[in-house]
Structures are given as C-alpha cells and as structure tokens.
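Work through these exercises with the sequence and the model side by side. Try each task before you read its solution.

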Amino acid sequence: MTDRKCENYSAHRKMWKEIFGDTDRYIDFYFREKAARSRIYSRYEGGTLASMAFFTPYEVICCGKECVCPCIVGVATRPEYRHRGYMRSLLEQGLREAAQHGSKLAFLTPADEKIYEPLGFRGVQYRTVVRASGRCRAWYTAHPFIQLEQGEKERAAQFAAQVLSGMRFDLYRKRSAAYYEMLDKEASALDGSVIVLKEKDRVRGVVSYIYEDRRYEVTEAVCREDDGQKALESVCDYLMADSRGGEAEQTVVFSDGECLRRASGAGIMRERERTPYIMVRDLENEPREIRAYINDIT
C-alpha cells in the first residue's frame with residue numbers, strides 16, 4: 001500500500017477509464033488539473049494497480065470558518081481484487097492522515113452509501129432535482145464567466161459567497177474567481193460552461209452546466225431564493241436557444257434545486273432524491289449536525 005504523488009498516471013488513468021467510463025477529454029482534465037494536487041492512495045498486486053483512492057484538498061467553509069478538507073474521488077478496485085479489504089485500508093489510511101493534517105472532515109459522493117457507512121460516513125445532502133420544460137423568458141442576460149473582466153468575475157464570486165453565507169450551510173466550497181475559473185474548465189471538459197446571470201450590471205445568479213447524452217444538466221444554480229423563478233427561466237431560455245446542431249433540448253434538468261424552491265408553474269417538476277449526494281466523515285468526532293451544499297462534478 002502506498003501514498004504518493006504519482007509522476008506517471010498511466011495505470012491510474014487506465015483504471016479510471018475502465019471503472020468509471022469517463023471520456024478521454026474529461027480524464028485529461030482531471031489528471032492535469034486535480035490529480036496533481038491530490039494525495040493518491042494505491043494498492044498494487046504483482047505490479048498491477050489493484051485499488052486506488054484520491055484525496056483532493058478543497059478550500060471550504062466549515063461551520064463558518066475557512067479550512068481545507070479532502071474530497072474523496074476515484075475510489076475503485078479492479079473486479080478481480082474486490083472483497084479483500086483493499087479499498088477500506090486505503091480509505092482508513094487517507095482519513096487518518098487527513099485528520100493528522102488538521103482537516104475537520106472528509107466528504108464524497110457515494111456510488112452506494114452502504115459502502116461508506118461502516119467507515120463512519122453519513123448522508124448530509126439530499127438534492128431535489130428540478131426538470132423544466134416549455135417556453136421560458138429571458139428575465140436576465142447570460143454571460144460566459146470566462147469572458148468577463150477580472151473585476152466582474154470577482155463580483156460574481158462574491159455574490160455567490162454572500163448567497164450561500166445567508167443560507168447558513170455548515171459546509172460548502174469557498175467561492176472565488178479562481179474557484180469558478182477551475183469549475184469552468186471542468187464544465188468545458190463536459191461540453192458545458194459557467195455563466196453569470198445579470199440584470200444590467202447587477203449579478204442575479206451564477207450557474208454551471210454540462211451537456212451529456214444530448215441533454216443539458218445544470219449542476220448548480222446559485223441565486224437568491226426570491227429570484228429562483230426568473231433565474232430558472234433565464235437559464236432555460238439561454239440553453240434551449242443553443243440547438244446543438246438543430247436538436248434543441250426541450251427539457252433542462254437542474255440536478256440541484258436548493259435555490260429554486262419558489263420556482264413553479266407549468267412544465268416544472270421536482271423530485272427529492274432518496275440517496276445522499278454528499279456523505280461526510282467527521283474527523284474531529286464532534287456530535288454536530290451538518291447541512292452541506294456541494295455540487296462539484298468531481
């Protein structure tokens with residue numbers, strides 16, 4: 001079992017592709033931008049990579065304070081090496097070392113929450129999916145984040161930070177221009193983008209979306225709750241106008257509808273997910289409730 005910064009990711013890339021099935025474009029993004037910052041825990045058998053887990057440090061706001069906590073991704077074991085406890089050993093080592101480095105908690109998006117419950121993880125974020133179809137109105141104009149001037153980027157990030165602070169979440173990613181620049185790179189690797197909704201010069205929302213399987217998915221829409229209806233309609237108008245070669249989607253899926261609670265009307269449907277999107281392991285063993293808002297793609 002090793003914990004190292006990998007100079008050659010070829011074995012990990014190959015395993016990632018085989019287990020998760022992501023596109024080469026997205027895998028290129030992840031290993032170029034995120035893997036190099038991660039602690040990579042690996043188990044080899046006879047020179048073959050058998051199991052792996054990536055602990056990527058994220059700047060978060062945790063219980064009102066800025067800190068760095070690991071997001072655990074890329075957890076995988078080759079089929080022929082499963083049920084030997086390899087993954088559990090890697091995760092336990094990573095969690096111990098994260099605690100030693102001062103992290104308050106670790107979090108992940110589970111493929112199956114039953115895998116992680118024995119390790120002390122618990123569900124803290126259950127998302128409400130919103131599906132919107134039909135005619136929409138462009139209440140606000142949409143601007144690609146990457147095309148904004150630096151001052152505008154910072155104002156958009158500050159807007160998102162203020163909205164999330166006001167919603168009193170216990171755990172969420174720290175918002176900054178750099179955060180959204182990285183998110184835009186990630187969304188771009190999935191044919192999406194980050195856009196800023198504006199009413200004249202006033203920021204009304206910050207939205208990230210991807211395009212997969214001929215469908216738009218809004219991975220996050222941050223806006224003030226009383227602006228939810230107009231933000232939703234403005235996003236739908238913007239995305240539906242992009243026909244993608246003449247095959248315009250008539251439904252936009254908002255995978256997180258936390259800020260869209262007041263959006264309603266014909267063509268808007270919502271469904272509460274029964275499985276957690278985010279699970280957390282408290283590394284300080286404090287009996288505290290945690291409301292999380294994390295919608296990262298990876």
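**Exercise 1.** Find what the buried residues of helix α5 pack against.

*Solution.* Start with the ground rules. This is a predicted model, where local features need pLDDT of at least 70, side-chain atom pairs count only at pLDDT 80 or more, and totals for chains, interfaces and linings use all residues. Residues are numbered from 1 along each chain as its sequence is written, and side-chain values use heavy atoms, with hydrogens and water left out.

Step 1. Locate the elements. Helices (H or I, at least four residues) and strands (E, at least two) are DSSP runs, numbered from the N terminus. Helix α5 covers residues 150-166.

Step 2. List its buried residues: Lys153, Ala156, Ala157, Phe159, Ala160, Val163 and Leu164. Buried means under 20% relative accessible area, exposed over 50%, partly exposed in between (1.4 Å probe, protein chains only).

Step 3. Look for their contacts, meaning heavy atoms within 4.5 Å. The partners are β9 (171-173), α6 (177-188), β10, β11, β12 and β16 (292-293).

Step 4. Look down the axis of α5. The buried residues fall within an arc of 150°, so they line one face of the helix. The arc is taken from the directions from the helix axis to the C-beta atoms.

**Exercise 2.** Give the strand order of the open sheet, and find its edges.

*Solution.* Step 1. Two strands pair if DSSP finds at least two bridges between them. The 7 strands run in the order β8-β10-β11-β12-β13-β7-β14, with mixed pairing.

Step 1. β8 (141-144) and β14 (268-272) are the edges. Each has a single partner strand, so one side of each has no neighbour in the sheet.

Step 2. Neighbouring strands are turned by 30° against each other on average, direction ignored.

Step 3. Axes are lines fitted to C-alpha atoms, for helices over the stretch in contact, and angles run from 0 to 180 degrees between N-to-C directions.

**Exercise 3.** Trace the neighbours of β10.

*Solution.* Step 1. β8 pairs with β10 (residues 193-199) in the antiparallel sense over 4 bridges. Alanine 142 stands opposite leucine 197, and histidine 143 has valine 196 as its bridge partner.

Step 1. β10 and β11 are antiparallel too, joined by 7 bridges. Here valine 196 is partnered by valine 206.

Step 2. Inspect the turn. β10 and β11 form a hairpin with 2 residues between them, and lysine 200 in the turn has a positive phi of about 60°.

Step 3. Count burial. In β10, 6 of its 7 residues are buried.

**Exercise 4.** Classify the ring pair of tyrosine 179 and tyrosine 180.

*Solution.* Step 1. Rings of Phe, Tyr and Trp (its six-membered ring) pair if their centres lie within 6.5 Å; planes under 30 degrees apart count as stacked, over 60 as edge-to-face and the rest as tilted.

Step 1. The centres are 4.9 Å apart and the planes at 80°, which makes the pair edge-to-face.

Step 2. Check burial. Tyrosine 179 is buried at 8% relative accessibility, and tyrosine 180 is buried at 1%.
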